[in-house]
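Hi,

Here is the structure I said I would pass on.

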Amino acid sequence: MTFRLACCFPLFFVLACGSVDPPSAVMPIPSERQLAWQDMEFYMFVHFNMNTFTNMEWGTGAEDPVQFNPSALDANQWARVAKENGMKGIIITAKHHDGFCLWPTSTTSHSIAYSPYKNGEGDIVKEVAEACEKHGLKFGVYLSPWDRNHPEYGNDAYIEVFREQLRELLTGYGDIFEVWFDGANGGTGYYGGANEDRRVDKKTYYDWPNTYSIIRDLQPDAVIFGDAGPDVRWVGNEHGFAYETTWSNLMRDSIYGGMPEYSEKYSAGQENGTHWVPAESDVSIRPGWYYHPYEDHKVKSLPELLDIYYYSIGRNSSLLLNFPVDTRGLIHENDVEQVEKLYAKIQEDFKDDLIQTINQSHASISRGRGFGVDQALDGNLDTYWSTPDGQVKGDLTFEFPSPTAVNRLLVQEHIPLGQRIKAFEIEAKMDGEWVTWTEGTTVGYKRILRLDEKEVEGVRFRVLDAKASPTIANLALYRAPKLLLAPTVERDKSGRVTLIPAEENLQMVYSLDGTDPSPESTPYEGPFMVASPSVLKAAALEGEEISEPLVQKMDIPKAAWKVISKGKNPEHLIDENPRTNFVSENNEAVVDLGETYRLKGFTYLPMQNRYIAGVIKEYEFAVSRNGRNWETVKKGEFGNIANSPVLQELGIDPVNARYIRLRAIDTLDGEPASFAELGVVTEGAIE
Ligand code: FUL
């Protein structure tokens, strides 16, 4: 207990006696470099390298530097996108697993210096470093320890090459805030022509302590990222999600990069961890880390990006959001559009801190002068509310002058003294009663709770358990506007339609007669049937405001259809599920529609998997009335399907038919034809 009694004698004594000692640190605590990094929260990853030009995720190392040739590279565009959307730095893949170096290194000829880019005079690491400097961003480098090109990989000689590459990057490009080491290490590769499998002992091969000391010497302020740190750890998945319970502490000495059980056992951190090794959530804005034209339509949606934001930054982790720069050397327009939406929404969600409107706040217990509840509300992370030593529980209560709608609570610990809180509860005051709103475990640097919106007279944050006196440096309340996005739609084989809101509890309306949805349209109250060809238009509603509509054409239900062709998972051809596929054994899909319809077109949804196979390029569509005599009614090519594997809808001259057949004359990759879904466009049943 470090309270001192207030005295009323000379000024000297008043000052001395009025002060209260801060709680002592709970180990482990962050280093200065880690504290500076924690403040960044959100920064950009750029995967741009040889793979961009070979359309691969992992190059083998056998690529030729002449293949690397961006046509309109502009690192300032990357920096602008980062800066304008709240990111504080950029980490570039200076060398990925294929070994190609984006700077003119002295260590290998597998580099930009031997590429046509700027006639071998280019240095993209430098271009990015300069763009960061110009836009007030921090700069970091990804240097893959694994090198599938280098002939010496696996031998001691390579370690010297790797270290020299590190020295070049750490001395030639100004201040570096983070050095990023991947856990993927060793395996098959080109290795200077040996083309073999080279395994390494991930724990010992790189002699990490001596490799790290190069970084400490040359860039003492840089944090080092690796699966298990030493300064920043991997979150253990590539979805960008940290955990409800996320400790910044880790038993670092018993964990190493590439450890097989890492994700499952250690990625959420450890309450009793010996070192401060906070989590970083790395995730790509598209399915792939590298650019692939066929993913242009797969850039993450705003609801997906918001989940990532709240599940990373909102769960005591930083967010490293990847942009797969394209073959021009630019961040693609679709990706820019999505990150702009994300940033605009975050700005909107955290626009007004409602805690500024409370008329009463108090703490059930306080450590004393300088550690009151006001220290959690002053916008200064260096001051905080805390309790006397030995008191691990305490409540902070806030009351509004009148009922106020709240749906976000943001809370931060004073981490220079270590992460402490183990359990908390949030209560809402409604009709004069305090009721539990939600419960949680860890807080750490920052925790954001997305709460069901309530009109509350007050909010109480209760620390239920902590490792020692809790510290709260910041507590804020917000009412984020609902995400007014059109719902998504699912329809089953029977024609039953379900609308899925972009955000829980959002009202939805729809029409089936072609009219634009309005607040007067049919309210969505649960799944409904669409049994005949219709155009569904659906929108989300909040008060008088309405979202853009979702417009989806729907045809006859597939309940009575039968798949006649053979292959793998024939039922998936007509299950209305875009994520499952039928792979035909003879390159065609034949369906009996159950009765004769007047057809005016057909639809083909190609495989939607991350890696596609058997997508039809050249097709022939035939119909039959009896399943024996077939008439080919359309032949051709699905234009641009390689780059844009979206739903293909083709019209035909109206014809009566009961059987349909889509045959692949050729697939993109020569693999057996695959189908996510086959459908028809009808004029209606005729018999
Ligand atoms: C992974 C790598 O293997 C991917 O290619 C990518 O660089 C990602 C960030 O880390 O482990």
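This is a predicted model: local features need pLDDT of at least 70, side-chain atom pairs count only at pLDDT 80 or more; totals for chains, interfaces and linings use all residues.

The protein chain has 687 residues, and buried ones make up 55% of them. It contains 10 helices and 37 strands. As for contacts between residues at least 6 apart in sequence, 73% of them join residues at least 24 apart.

Now the ligand. Which residues surround the ligand? The list is Phe45, His47, Trp58, His96, His97, Tyr142, Trp180, Asp182, Glu238, Asp282 and Trp289. By class, that shell splits into 5 nonpolar, 3 polar and 3 charged residues.

- His47: an N or O atom of the side chain is 2.7 Å from an oxygen atom of the ligand.
- Tyr142: the distance from a side-chain N or O atom to a ligand oxygen is 2.9 Å.
- Trp58: a polar side-chain atom sits 3.0 Å from an oxygen atom of the ligand.

On its own the ligand has 290 Å² of accessible area, and the protein covers 89% of that.

Next, the cysteines. How many disulfides does the whole structure have? The search finds 0. Take Cys101: the closest cysteine sulfur is that of Cys132, and because the two are 19 Å apart, they are too far from each other for a bond. Seen from the other end, Cys132 is in no disulfide either, with the sulfur of Cys101 as its nearest cysteine sulfur. Cys101 is buried, at a relative accessible area of 0%, and Cys132 is buried as well, also at 0%.

Cys132 brings us to helix α5, which runs over residues 124-134. The buried residues in this helix are Ile124, Val125, Glu127, Val128, Ala129, Ala131 and Cys132. Their cover includes α4 (75-84), β2 (89-95), β3 (138-143) and α6 (156-172). After the helix comes Gly136, which has a positive phi, near 70°.

Is Ser248 buried or exposed? Ser248 counts as buried, because its relative accessibility is 0%. This serine is in the loop between β8 (232-234) and β9 (249-250). The Ser248 side chain makes a polar contact of 3.2 Å with the side chain of Asn316. Setting aside neighbours within four places in sequence, Ser248 is in contact with Arg233, His275, Trp276, Val277, Pro278, Asn316 and Gln419.

The other one is Lys429, in strand β16 (residues 421-430). With a relative accessible area of 17%, this lysine is buried too, since the cut-off is under 20%. Apart from residues up to four places away in sequence, Lys429 touches Glu399, Trp434, Val456, Glu457 and Gly458.

That's everything from my side for now.

Cheers

Definitions and conventions: Residues are numbered from 1 along each chain as its sequence is written. Side-chain values use heavy atoms; hydrogens and water are left out. Helices (H or I, at least four residues) and strands (E, at least two) are DSSP runs, numbered from the N terminus. Buried means under 20% relative accessible area, exposed over 50%, partly exposed in between (1.4 Å probe, protein chains only). Contact means heavy atoms within 4.5 Å. A residue is near a molecule or strand if one of its heavy atoms lies within 4 Å of it. A polar contact is a pair of N or O atoms within 3.5 Å; within protein, one must be able to donate a hydrogen and the other to accept it, and residues adjacent in sequence count only if both atoms are side-chain atoms. Accessible areas come from the Shrake-Rupley method with a 1.4 Å probe; for residues, only the protein chains shown count as cover. Ala, Val, Leu, Ile, Met, Phe, Trp, Tyr, Cys and Pro count as nonpolar, Asp, Glu, Lys and Arg as charged, and the others, Gly among them, as polar. A disulfide is a pair of cysteine sulfur atoms within 2.5 Å.
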